[in-house]
Amino acid sequence: MLRSKTQGYKPLVGECGELMIVSTIKKDDPKKLNLKMILKELQQFFVQHKKVSLADLQLYFRIDKDALRGMLNRLIRKGRIRKMENSKKCGGCHSCADEALEFYEWVNTK
C-alpha cells in the first residue's frame, strides 16, 4: 500500500515504467546537525569543568572566539550557563588576553 504525500512519501514512475516510492521528508541541514553536536559537547564540557574561560574553550574546541560566543549566548538563553562578571586584569603586565578573563559557568541543575 502506498503512503500519501502528506505522510512523507510520494509515488514516482521511473524511466522503465517501474513504480518507485520517494521520500518527501527533507533531511536536516548538516550545518544545523553539526551545531547541535557542538552545543551538546559544550554542555558536557561545562558539566565536567563547571567554570571555563573563553580561551580554554577556544583551545579545546578549536573554534573562533566569536563563533563560540554565539553558541554560548544560545546556552545562556536556554538557562544552561551564565557569563560571570568580568574579571579585572592584575594591573601589572597587561598581557592577559580578554578571552582569558571571560568566564562562563554551568548553572543547569537538571
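In this predicted model, Lys83 stands opposite Tyr104 in strand E5. The strands E4 and E5 pair in the antiparallel sense, over 3 bridges, with E5 spanning residues 103-106.

This pairing is part of an open sheet of 3 strands, ordered E3-E5-E4 and paired antiparallel. Strands E3 (51-53) and E4 (81-83) form the edges, each pairing on one side only. From one strand to the next, the twist averages 25°.

Two helices are placed against these strands. Helix H2 packs on the sheet, where it touches E3 and E5. Helix H3 lies across E4 and E5. The table lists the direction of each helix relative to one strand.

| Helix | Residues | Strands involved | Angle to strand |
|---|---|---|---|
| H2 | residues 54-61 | E3 and E5 | about 80° with E3 |
| H3 | residues 65-77 | E4 and E5 | about 120° to E4 |

How many helices and strands does the protein have? The secondary structure comes to 4 helices and 5 strands. Read from the N terminus, the order of elements is β-β-α-β-α-α-β-α-β.

Some totals describe the protein as a whole. Of its 110 residues, 24% count as buried. The accessible surface comes to about 8600 Å², and carbon and sulfur atoms account for 52% of that area. Among contacts between residues at least 6 apart in sequence, 46% join residues at least 24 apart.

Terms used: Residues numbered from 1 in each chain as written. Predicted model: local features only at pLDDT ≥ 70, side-chain atom pairs only at ≥ 80, totals over all residues. Heavy atoms only, no water. Pairing = 2+ DSSP bridges. Axes fitted to C-alpha atoms, helices over the stretch in contact; angles between N-to-C directions. Contact = heavy atoms within 4.5 Å. Buried < 20%, exposed > 50% of the residue type's maximum accessible area, 1.4 Å probe, protein only. Areas by Shrake-Rupley, 256 points an atom, 1.4 Å probe, with all protein chains shown as cover.
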